[in-house]
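Here are some notes for you to read beside the structure, taken point by point. Please keep the model open and find each element as you come to it.

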Amino acid sequence: MEWFGHSHKSFNFELFSESHLMILAIFVLISVFIFLYRKKLNDPKWRRAEIGAAFSLIWIEIMNHIWMLAHGVWKAGRSLPFELCNIALLLCIILLLTRKKIFFELVFFIAILGVPQAIITPALTYDFPHFRFFHFFYAHLMVVWVTLYFTWAKGYYPTFRSFIKLMVFINLMLPVILFINKQADGNYWFLRHKPKSPSLFDVLGPYPWYIFSLESVLIVISLIAWLILRKWEKSYEERSQV
């Protein structure tokens with residue numbers, strides 16, 4: 001089963017390769033679909049689909065850890081679910097299962113502003129049709145799609161308090177992640193060095209200044225996104241009252 005094997009010689013991922021461009025096209029198409037069919041998606045019958053999506057994410061995460069353990073590459077410094085995208089995935093699963101807005105508020109800005117960067121410039125070794133390729137893109141794409149689904153179809157919108165909650169959450173997690181990095185010799189949140197593959201970090205300055213630059217960018221973009229989405233929220237409320 002080469003598609004589940006350890007070697008990536010036959011599956012070497014290249015940025016903006018044919019398979020990567022196909023993923024990006026699917027990403028855009030499904031996002032547009034969610035927006036165009038947002039009214040039809042706001043139907044109680046989709047509850048089963050939400051539960052199914054949650055369990056599919058749990059399953060693929062379990063399979064990913066099985067793959068790492070099977071090939072002896074599981075390490076505390078890189079395999080624990082402490083990357084922002086991993087945290088967003090866990091929040092996304094809980095959101096699908098509970099529909100509680102607090103989880104939407106925490107995942108929204110990470111999913112909309114952070115995860116797309118990972119999809120466009122993925123830190124990935126394995127190409128299609130390897131399992132790791134499917135795991136990486138399925139997990140990341142679903143985080144964005146679920147967030148868009150709850151925003152456009154279910155009418156969950158972030159408020160200024162949502163932004164404050166996110167900032168508090170991230171800054172409370174920051175010393176925890178620094179401690180875990182030190183104890184496990186990890187690089188969660190890229191707090192010890194930049195990713196080797198091309199990314200947004202390359203334009204944010206040298207270590208450790210890019211960390212502060214990134215948080216500043218997150219604050220500015222999050223506030224802009226909140227200001228834009230305020231109009232969407234008002235529009236949604238007006239439509240709901242009709």
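**Notes on the predicted model**

1. We begin before the helices: F16 lies in the segment before α1. The model is a predicted one, and in it the phi of F16 is near 60°, which is a positive value in a residue other than glycine. This deserves a second look, because most residues other than glycine have a negative phi, and most peptide bonds are trans.

2. The peptide bond that runs from F128 to P129 is cis, and its omega is near 5°.

3. Two packed helices are described by the angle between their axes and the distance between the axes. For α1 and α7, the axes come within 10 Å and cross at roughly 20°. Angles under 35 degrees count as roughly parallel, and α1 and α7 are therefore roughly parallel to each other. Their crossing is right-handed. On the side of α1 the contact is made by S19, H20, I23, I26, F27, I30, S31, I34 and F35, while α7 brings F133, F137, L141, V144, W145, L148, Y149 and W152. Sorted by class, this contact of α1 with α7 holds 14 nonpolar and three polar residues, with no charged ones.

4. How do the axes of α3 (residues 47-70) and α5 (residues 84-98) meet? They come within 8 Å and cross at roughly 150°. Since angles over 145 degrees count as roughly antiparallel, α3 and α5 are therefore described as roughly antiparallel to each other. In this case α3 passes α5 in a left-handed crossing. The residues that make the contact include R47, E50 and I51 of α3, together with L89, I93 and L96 of α5. By class, the contact of α3 with α5 has 10 nonpolar residues, one polar and three charged.

5. The last point concerns empty space, for which rolling a probe the size of a water molecule over the atoms shows where it is left. The second largest pocket has a volume of about 270 Å³. It is lined by 13 residues, of which I34, L41, W46, W145 and Y149 are the closest to its centre. Two or more lining residues are given by each of α1 (18-36), α3 and α7 (131-153), and the largest share, four residues, comes from α7. Which classes make up this lining? There are 12 nonpolar residues and one charged residue, with no polar ones.

Note on methods: Residues are numbered from 1 along each chain as its sequence is written. This is a predicted model: local features need pLDDT of at least 70, side-chain atom pairs count only at pLDDT 80 or more; totals for chains, interfaces and linings use all residues. Side-chain values use heavy atoms; hydrogens and water are left out. Axes are lines fitted to C-alpha atoms, for helices over the stretch in contact, and angles run from 0 to 180 degrees between N-to-C directions. Angles under 35 degrees count as roughly parallel, over 145 as roughly antiparallel, 65 to 115 as roughly perpendicular and the rest as oblique. A crossing is left-handed if the near helix is turned anticlockwise from the far one by less than a right angle, and right-handed if clockwise. Contact means heavy atoms within 4.5 Å. Ala, Val, Leu, Ile, Met, Phe, Trp, Tyr, Cys and Pro count as nonpolar, Asp, Glu, Lys and Arg as charged, and the others, Gly among them, as polar. On a 1 Å grid over the protein atoms alone, a cavity is a set of points where a 1.4 Å probe fits but cannot get out, and a pocket is an open set with protein on both sides within 12 Å along at least five of seven lines; lining residues have an atom within 4 Å of a point. Grid points are joined across faces, edges and corners, and a volume is the space filled by probe spheres set on the points.
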